[in-house]
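Take a moment to look over the sequence and the 3D view.

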Amino acid sequence: MDEVPGGLRPPTNPADAAGMFARLTPEQAGAVAAAMAQNNAASNHWAVGLLGVAPGDRVLEVGSGPGMGIELLAERAEGGVVVGIDLSPAMVDLARARIADLASRGRAQVHVAAAERLPFADGSFAKALAVHVAQFWPAPEPALTEVRRVLADGGTLVLATRAHRADPDAPMAARLGWTPAQVEAMADRMRAAGFRSVGTTVARVGEEELVALIGTR
Ligand SMILES: C[S@@+](CC[C@H](N)C(=O)[O-])C[C@H]1O[C@@H](n2cnc3c(N)ncnc32)[C@H](O)[C@@H]1O
């Protein structure tokens, strides 16, 4: 398996990666963030487009990493607020630096928090996004229940990542992507958590096969 940037050992089980992210040192986070900036730009643009953000929306990004998605969401949520959360303090520091200007204008903020325990009141957000994050949830139910709780009635959740590629020469990010069976299982979990109208969208963006699940509170 190829290396995770920053000299980290790649997780053999995707669910182990959440712990790895939480323990990133600032140096490791910087190296991982540089790779994400290069590798995740196209998929973040695609996923943000699916969310249908409108001016004035309050938007939550779960697993905001170094903050690229927060910036893209804020461009669309003109007059609204984008709130990122991530369980990695080092990633949150990077995102905070990246969104400093938006934060100074009250347009964006980012906090250390886990998807499974969101520090927000019920119904706080119109939209929620998680890109390349849900595959790292060892048990998705608590996170899905929490995200649904903080969405307002009629609010939208988009979970997006890459489609799985079994080819051993494929980039690690693609090997960590979802198989069709995993997409279906996550759709079932979204329905079990109370999301309505759960649907799947796939797209080829550049060299990548991307997949997203969209559900309504
Ligand atoms: C592969 S990165 C993706 C970052 C960003 N969304 C992007 O597309 O570039 C996954 C991020 O999700 C965060 N993460 C994973 N599990 C999480 C959880 N349960 N709660 C909050 N953040 C989580 C990690 O710390 C990491 O920053």
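The report below goes from the ligand to the strands and then to the helices.

This is a predicted model, so local features need pLDDT of at least 70 and side-chain atom pairs count only at pLDDT 80 or more, while totals for chains, interfaces and linings use all residues. Residues are numbered from 1 along each chain as its sequence is written.

**Around the ligand**

The ligand is surrounded by 25 residues, and the closest are Phe21, Asn40, Gly63, Gly65 and Ala115. Helices (H or I, at least four residues) and strands (E, at least two) are DSSP runs, numbered from the N terminus. By class, the shell holds 15 nonpolar, eight polar and two charged residues. Here Ala, Val, Leu, Ile, Met, Phe, Trp, Tyr, Cys and Pro count as nonpolar, Asp, Glu, Lys and Arg as charged, and the others, Gly among them, as polar.

**Strands side by side**

Strand E7 (residues 208-216) runs antiparallel to strand E5 (residues 151-162), and seven bridges join them. Strand E6 (residues 196-205) also pairs with E7 in the antiparallel sense, over eight bridges. Two strands pair if DSSP finds at least two bridges between them. Here are two bridge partners to find in the view:

| Residue | Bridge partner in E7 |
|---|---|
| Val158 | Ile214 |
| Thr200 | Leu213 |

E6 and E7 form a hairpin with two residues between them, and Gly206 in the turn has a positive phi of about 60°.

**Helices that cross**

How do helices H7 and H9 cross? The axes of H7 (residues 140-150) and H9 (residues 180-192) come within 9 Å and cross at roughly 50°. That angle makes H7 oblique to H9, because angles under 35 degrees count as roughly parallel, over 145 as roughly antiparallel, 65 to 115 as roughly perpendicular and the rest as oblique. Axes are lines fitted to C-alpha atoms, for helices over the stretch in contact, and angles run from 0 to 180 degrees between N-to-C directions. In H7, Pro140, Glu141 and Leu144 meet Met186, Arg189 and Met190 of H9; residues are in contact if their C-beta atoms, placed from the backbone, lie within 7 Å. This contact has four nonpolar, no polar and two charged residues.

Note on methods:
Near = placed C-beta within 6 Å. Contact = placed C-beta atoms within 7 Å.
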